[in-house]
Each structure stands twice: as structure tokens, then as C-alpha cells.
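Open your viewer, keep the sequence panel beside it, and follow along stop by stop.

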Amino acid sequence: MSAQELPAVQLKNLTKRIGQKSIVDHLSFDIPKGEVFGFLGPNGAGKTTTIRMIVGLIAISEGQVLIHGLDVQKNFVKAMSNIGCIVENPELYKYLTGYQNLLHMARMGQHPIDPKRIKEVVALVGLEDRIHDKVKTYSLGMRQRLGLAQALLHKPSILILDEPTNGLDPAGIRELRDHLRHLAKEEGMTVIVSSHLLSEMELMCDRVAVISHGKLIQVEQIADMVASENGIQTTTLTVNNASDAKELLSNTLKLEATLSSGDDQKLSIVSDRDQVADAIKVLVDNNIRVYEASTQRKTLEDTFLKMTGDESIA
Ligand SMILES: Nc1ncnc2c1ncn2[C@@H]1O[C@H](COP(=O)(O)OP(=O)(O)O)[C@@H](O)[C@H]1O
Ligand SMILES: [Mg+2]
């Protein structure tokens with residue numbers, strides 16, 4: 001990808017005001033092509049509102065959305081021809097077969113769709129075996145995939161899914177994740193998903209924009225998010241005398257350890273890796289026996305809570 005190439009989607013000061021309130025508040029960031037990109041934020045953060053503005057389901061109060069450089073407010077039809085989208089649940093006719101649903105969708109679209117394309121999308125989402133069964137016999141995961149097939153019919157280069165894992169079981173989530181990653185990697189598609197669950201985003205996305213109260217907290221590569229927290233860790237040490245060890249660490253390294261209640265051999269420290277090594281050396285040099293040192297990395301969940309200010313992300 002050349003450096004000059006335009007991002008798939010650009011948000012510039014994107015704002016939605018309802019009454020006096022800005023429920024989406026000057027969001028600005030770029031979504032690069034070919035990535036799985038996440039909008040991550042607690043319920044009510046403004047994710048759905050942002051997506052609705054991107055796809056033109058609601059008016060923009062202020063700012064701009066550019067799709068491959070096209071302003072959606074000026075070039076709506078052309079900009080939208082690049083986008084496949086499922087906001088909330090896909091619209092499906094339960095008493096028709098999967099195939100009939102796709103046929104119906106293909107006929108309703110702006111441009112004629114070749115029946116060959118129906119075959120392609122069915123294969124893409126792995127529904128070949130069941131496509132001639134009625135949708136009412138499908139599992140939720142299969143309905144989701146049929147919705148995905150619908151959204152892919154017109155060969156969009158950008159796929160947008162709002163909370164796509166809602167209601168799916170772990171197997172369904174995994175399946176969806178594999179499909180989305182495949183679409184990004186093998187088909188070069190840009191995939192945008194929203195979620196209030198960090199653990200899902202961590203597995204699915206290359207990069208996430210963290211949104212809280214309609215504002216952008218940060219955009220970061222998932223890998224960097226993990227790495228930036230790796231500096232600090234909690235280490236539990238098992239020694240022959242924890243209270244002596246605590247005093248020693250405080251006096252020599254100014255490290256304030258916490259004694260473990262109910263175990264006089266355990267204490268824990270919050271520090272970077274080097275300080276763990278220093279602590280062990282000081283203890284050993286002062287004849288305290290160190291039996292074990294175990295480190296718990298801070299989880300991304302901790303990071304996320306810190307960034308969004310301890311909001312509920314249930
Ligand atoms: N049409 C509306 N009128 C008033 N408030 C709304 C409307 N739509 C959304 N909101 C409010 O805006 C905030 C963001 O909502 P939403 O975009 O649905 O968040 P998310 O998808 O991140 O859960 C919420 O507080 C919600 O109650
Ligand atoms: Mg939502």
C-alpha cells in the first residue's frame with residue numbers, strides 16, 4: 001500500500017448533537033484500508049450513532065465523513081456503493097430459504113447482481129450446505145452469516161458491522177471472527193466492527209478507536225495496547241519471611257510491597273521488570289530465601305477501564 005493512498009474511511013470532527021447534548025463529539029481519525037478496525041466503548045458511548053452517520057442513516061450535525069476520499073454528504077450514492085453494512089439485526093425473511101433471501105436482496109439493489117455473485121458470497125460465508133433451507137431453521141450464527149452474505153452482495157470494499165457478536169455463543173463468535181479476518185486478509189476488505197467488549201476486540205481487530213461519552217480516547221494498535229501495559233506488572237514473591245522482605249524492599253529500593261493476608265510467606269510488588277530483578281537480588285543478598293516469583297500482567301481490561309474512567313463495560 002503506497003503512503004499516498006487514501007484511508008478507507010476518514011472522520012473529521014464528526015459530531016452528532018441531540019438537543020444540547022453532543023452524543024458524538026468531534027471524532028477525528030482515519031481507518032486504513034484492509035484492516036479490521038474496532039470501535040470500542042461502553043454502552044451509550046456513541047458507537048451506533050457514529051456508524052449511523054457514516055452510512056447516512058442519520059444526519060451529521062457537524063464535521064465530515066469521507067469514504068475513499070468521497071464526502072458522504074456531497075457524494076452519498078457513490079460513497080455508499082463502497083459500503084456493506086449491518087446495523088443492529090440483519091433483515092431476513094424467515095419463511096424463505098437463505099438463497100431466496102439473497103435473490104430478493106440482489107433484485108432490490110441499485111445495480112443488477114449476477115447470480116454467480118450469489119454463489120460467491122454463499123461460499124465466502126460458508127453457507128453452501130444450508131443455503132436452500134428455510135432461514136427459520138438457522139442458528140443465530142448462521143443468520144448472522146446470511147446477513148453478512150447480504151451485505152457483501154454488491155462487492156463493497158468496506159464492511160461495517162455494529163456489535164456483530166451480540167447474542168452469539170463462543171463458537172459463533174469465533175466463526176465470525178475467522179470470517180472477518182479472512183475478508184480483510186484475503187479479500188483486502190476494510191472491516192469495521194463495534195463492541196463494548198474489549199476481549200472480543202482484542203482477538204478480532206488490528207486497531208481500535210476507544211470511544212467514551214462520544215469522544216475519542218485514543219486510537220491504537222491492539223498489539224501496542226498490550227505492549228504499553230507490559231512495563232508494569234504485579235509480582236507475587238514467595239519467601240521464607242514476608243514481613244522481613246517487605247521491610248527490606250522498602251528500606252533499600254523504596255518499593256512498597258503488600259503482604260498477602262493469611263500467608264506469611266507471600267508478598268506482592270507492583271513494578272517494572274527490572275525492579276523485579278532488583279528486588280530478588282536484594283532479598284537474596286540479605287539472606288532471605290526466595291522460593292517463587294510469579295508475575296501477573298495487567299490485562300487489557302484494566303487498561304481499558306483506566307482509559308474510560310472506570311465505566312461499566314458489562
Ligand atoms: N435519537 C436519540 N435521541 C436521544 N438520545 C439518543 C438518541 N440516540 C442515541 N442517544 C443517546 O446517545 C448516546 C449514545 O448512543 P449510542 O450511539 O446508541 O451508543 P452505543 O452504540 O455506543 O451504545 C446514548 O446515551 C443514547 O442514549
Ligand atoms: Mg450501539
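**First stop: a strand pairing**

Select L66, whose bridge partner in β5 is D71. Before going further, note that this is a predicted model, where local features need pLDDT of at least 70, side-chain atom pairs count only at pLDDT 80 or more, and totals for chains, interfaces and linings use all residues. Residues are numbered from 1 along each chain as its sequence is written, chains are lettered from A and ligands numbered from 1 in the order in which they are written, and side-chain values use heavy atoms, with hydrogens and water left out.

Now colour β4 and strand β5 (residues 70-71), which run antiparallel and are joined by two bridges. Strands here are DSSP runs of E with at least two residues, helices are runs of H or I with at least four, and both are numbered from the N terminus. Two strands pair if DSSP finds at least two bridges between them. In the hairpin of β4 and β5, two residues sit between the strands, and H68 takes a positive phi near 45°.

Click V9 to find I67 of β4 standing opposite.

**Second stop: ligand 1**

Show the residues around ligand 1, meaning those with a heavy atom within 4 Å of it: I18, I23, P42, N43, G44, A45, G46, K47, T48 and T49. Helix α1 (residues 47-54) gives the most to this shell, with three residues.

- K47: a polar side-chain atom lies 2.8 Å from an oxygen atom of ligand 1.
- G46: a polar backbone atom is 2.9 Å from an oxygen atom of the ligand.
- A45: a polar backbone atom is 3.2 Å from an oxygen atom of the ligand.

Taken alone, ligand 1 exposes 560 Å², of which the protein buries 55%; the areas come from the Shrake-Rupley method with a 1.4 Å probe.

Jump to A149 in helix α5 (residues 140-152). A149 counts as buried at 0% relative accessibility, where buried means under 20% relative accessible area (1.4 Å probe, protein chains only). Leaving aside neighbours within four places in sequence, A149 is in contact (heavy atoms within 4.5 Å) with L102, V121 and V125.

Finally, pick T236 in strand β11 (residues 233-239). T236 is buried too, with a relative accessible area of 19%. Beyond its neighbours within four places in sequence, T236 is in contact with residues including K266, E292 and Q296.

Key: A polar contact is a pair of N or O atoms within 3.5 Å; within protein, one must be able to donate a hydrogen and the other to accept it, and residues adjacent in sequence count only if both atoms are side-chain atoms. Buried means under 20% relative accessible area, exposed over 50%, partly exposed in between (1.4 Å probe, protein chains only).
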